[in-house]
Amino acid sequence: MHGLGRSLFGDYLFAVELAGTLLLVASIGAVAIAPRRSQGTL
Amino acid sequence: LRLIDDSMTGDLERYLAVGAALFILGALGFLTRRNLILVFLSAEMMLHGVSLTLVTFGRLHHSLEGQAFTIFILTVAACEAGIALALILALYQQSKSLDVELWSELREPDLPSPMLAEDLVAPPAAPPPHFPKLTPAGQPPDLDGTTSWVQPSAMSHQPSAVSHQPSERALTEAET
């Protein structure tokens with residue numbers, strides 16, 4: 001577990017940042033795609 | 001360099017078997033199911049079978065790259081889940097049904113539909129609107145609400161209103 005954390009935030013730091021940005025963009029996109037809540041429906 | 005630890009090989013084979021079973025079950029569900037959410041769930045099962053195999057091979061080679069890559073796979077799967085559920089919600093609000101056959105217009109235009117016409121499930125029709133009926137003047141009001149006051153004059157108005165529409169449609173077709 002120690003080696004995994006050191007590997008994630010050492011070698012793959014740029015990829016971790018990229019994955020966080022991807023999560024942010026995907027959540028914004030999902031909110032934009034989802035339809036508005038109308039009366040009495042989901 | 002000793003790549004394969006002999007004491008761990010039996011466990012790793014079991015992990016590989018579980019990963020392969022997850023992938024096969026996901027593929028079967030993806031190809032046979034017609035519910036949008038179950039199709040999406042089967043795709044997730046295939047993805048996680050592959051990631052379990054990746055972790056197993058990383059363990060086999062005594063490296064952490066398999067687990068690190070699997071964390072990124074989980075990140076992308078989370079993004080995919082959010083967007084796919086939003087899309088499913090949008091499609092459900094358009095057709096009021098989760099059947100994938102309602103969205104089969106994306107196939108080649110000259111090919112027939114893969115489903116027979118009687119197998120297609122029509123989307124549930126909206127209930128007819130309920131309009132209140134008023135009592136006409138000069139008659140005692142119906143307190144029970146059982147009698148519907150349909151006058152013959154109201155019936156005679158409807159064919160004339162309907163007969164206007166084909167002439168207007170013919171006019172618009174003639175203009176185009």
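The legends below describe close-up views of a predicted model. Local features need pLDDT of at least 70 and side-chain atom pairs count only at pLDDT 80 or more, whereas totals for chains, interfaces and linings use all residues.

View 1. Helix α2(A) (residues 13-33) has 21 residues and reaches 30 Å from its first C-alpha to its last, close to the 30 Å expected at 1.5 Å a residue; helices are DSSP runs of H or I with at least four residues, and the expected span is 1.5 Å times one less than the number of residues. Ala19(A), Ala26(A) and Ala30(A) are buried, that is, under 20% relative accessible area with a 1.4 Å probe and protein chains only, where exposed means over 50% and partly exposed in between.

View 2. Arg14(B) and Asp11(B) meet through their side chains at 3.1 Å, N to O; a salt bridge requires a side-chain nitrogen of Lys or Arg within 4 Å of a carboxyl oxygen of Asp or Glu. Both residues lie in α1 (residues 9-32) of chain B, three residues apart, about one turn of the helix. Arg14(B) is exposed at 57% relative accessibility, while Asp11(B) is partly exposed at 30%.

View 3. The closest N and O atoms of Asp99(B) and Arg34(B) are 2.9 Å apart. Asp99(B) is buried at 10% relative accessibility, whereas Arg34(B) is partly exposed at 29%.

Key:
Residues numbered from 1 in each chain as written. Chains lettered and ligands numbered in written order. Heavy atoms only, no water. Helix = DSSP H or I, 4+ residues; strand = E, 2+ residues; numbered from the N terminus.
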